[in-house]
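Subject: Structure for your files

Hello,

Here is the structure we spoke about. My notes on the strands, helix packing and record annotations follow below it.

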Amino acid sequence: MLVTAVQSVMESNECKALHYTNMMAQSDLDLKETALKEDLKFYFMNPCDKYRARHQIPWKLALQILKIVMVTSQLVFFGLSNQLVVSFKEENTVAFKHLFLKGYSGVDEDDYSCSIYTQQDAYDSIFYVIDQYRQLKNISLGTLGYEHDGSGLKICKQQYRKGGMLPSNDKPNIDVSTETDCITLKPQELAGKNTEVKLNSSFFNLEFYRLIQVKISFKLKGVALQTIHARELPDCYAFQNTITFNNRAHSGKIKVYFNSDTDIQECKDWHILGSVLQKNSLYILVFDGFVILNCLASLILCSRSVVLALRLRQRFVNFFLEKYNRCVSYTDRMEFINGWYVLVIISDVMTIIGSILKMEIKAKNLTSYDVCSILLGTSTLFVWVGVIRYLGYFQTYNVLILTMQASLPKVLRFCCCAGMIYLGYTFCGWIVLGPYHEKFEDLNTVAECLFSLVNGDDMFATFAQIQQKSMLVWIFSRLYLYSFIILFIYMILSLFIALITDAYDTIKKYQQSGFLATDLHEFLKDCGNVSYRKEQTSMPSICCCRRRQSDDNLILIN
């Protein structure tokens, strides 16, 4: 009896201890759940609600607003400077064509500059280039000069190996392997008395029946003084010009191509009187430095937010697995990945790199205008797109974001299917209509032409410009164009719009009746009475932080 009583007491004590342990574990779990709900609700708040809840200063919001102003101003300054560079390049290219192309009318013939049709015109055009190059400093209106490294005017002719004269047009006798001969005429040689000897050499005796092309290349230097009027230091340019007399077709028409590659170089040993240009450059460099600091602070804060969000997601996943013994869905996991923060981080990195390049360009140490333009332009685009995030906190303005997110997967899948049909029409139009229509000469032009037809542009011109040399091709072109327009405008484009309209109607319905509840939404339903630890700050209340919390509905969308 005594042993039985002792065993009963021991079992009772064990049960009490186990019950006490379970109570302690449940209490810890409840505390963990309360803290998790508090952090989750705070994470999904907008900056104004966060300030009302914990008086936490919205540093990221302030930095983004400041960054919008600074990055846009920086882009405008750089755009005005880049505009001078682009105009200087284009104007010099036009001037070179008028200087070195004999008979140039001022308008390019399609993708080439001009054409010649007789042997005498070919000789005259080649010697015209040589003569203009020789007296460049006396006839040019620009600040142009020759290269100082000894290079001059290089003339190369490419032709088939001589296998014999053509006995008749229908019996060609020629070696198809090619050979290239070159000659270099330096500026000092052209200015001497022996110029005529070189120009009368056998090199310039062209045999047009086997001539493929004649290529004349030369390099010039120039200085852009117009930047001084914009209070900027001047740039030095190197123009690599190439004139090609293309006779590959041997059709009796030689196409003359002019190509000018411009390289911006650092001006060496330049001396400019006046301190206005140096001061203006210094102010812009200081401003670019502040932009870099602003973007660096934004990059640090947004990266910190991403890291904290990933830690919070891991807490939520572990708690859900511990309490409910099941995993969190993929949709709820993606709620913690804030795409706007990722966009801001990419924008900040591009702005920092672009600003460093811009400072180097401003200091005349680099000339990578194109790379800098791409970085600054894309980063500014991302900055302004990121503004939509803050509008998305208000339900009235959130429709666009939700509609884009809901329709994007369906639109991408639909575009993949429509793209296959589009590619089919592109290849078909190129191979069939290419010889008869200038808009179908190459694949890129065909794709652009068909895309313009989808948007209703140039329809009559596309129909009217088809050449009626072949009745079969003309009939095919009508069937081709009519079927493409009917299929893409009346069917595919309508379905494309219907997908977006359906997503918009779904979002409007959800906003009225409520969005589909996920595990995360259900978990946060009961945290309305959670209190927050308020940290007193000296920051004055801004207007948005004085609004009532019930003014806007909380939507868990990143």
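**Strand pairing**

Strand S1 (residues 114-116) and strand S7 (residues 254-265) run antiparallel and are joined by 3 bridges. Strands and helices here are DSSP runs numbered from the N terminus, with helices being H or I of at least four residues and strands E of at least two; two strands pair if DSSP finds at least two bridges between them. Within this pairing, Cys 114 stands opposite Val 256 in S7. S7 is also joined to strand S6 (residues 235-246), by 11 bridges, and these two run antiparallel. There, Ile 243 has Phe 258 in S7 as its bridge partner.

The model is predicted, so local features need pLDDT of at least 70 and side-chain atom pairs count only at pLDDT 80 or more, while totals for chains, interfaces and linings use all residues. Residues are numbered from 1 along each chain as its sequence is written, and side-chain values use heavy atoms, with hydrogens and water left out.

**Helix packing**

Helix H12 (residues 399-433) packs against helix H13 (residues 443-454) at an angle of about 125°, and their axes are 9 Å apart. (Axes are lines fitted to C-alpha atoms, for helices over the stretch in contact; angles run from 0 to 180 degrees between N-to-C directions.) That angle makes H12 oblique to H13, given that under 35 degrees counts as roughly parallel, over 145 as roughly antiparallel, 65 to 115 as roughly perpendicular and the rest as oblique. In the contact (heavy atoms within 4.5 Å), Tyr 422, Tyr 425, Thr 426, Phe 427 and Trp 430 of H12 meet Leu 443, Val 446, Ala 447, Leu 450 and Phe 451 of H13. By class, these residues are 9 nonpolar, 1 polar and no charged. (Ala, Val, Leu, Ile, Met, Phe, Trp, Tyr, Cys and Pro count as nonpolar, Asp, Glu, Lys and Arg as charged, and the others, Gly among them, as polar.)

Helix H3 (residues 59-100) packs with helix H4 (residues 119-134) at about 115°, with axes 9 Å apart. His 98, Leu 99 and Phe 100 in H3 meet Tyr 128, Val 129, Gln 132 and Tyr 133 in H4, a contact of 5 nonpolar, 2 polar and no charged residues. H3 also packs with helix H11 (residues 369-391), at about 145° and with axes 10 Å apart. The contact of H3 with H11 has 13 nonpolar, 8 polar and 2 charged residues.

**Record annotations**

An unreviewed UniProt entry places "transmembrane region" at several spans, including residues 339-357 and 479-500. Residues 339-357 are 100% helix and 0% strand, with end C-alpha atoms 27 Å apart.

Regards

Conventions: UniProt positions renumbered as here; feature names shortened; annotations may be inferred.
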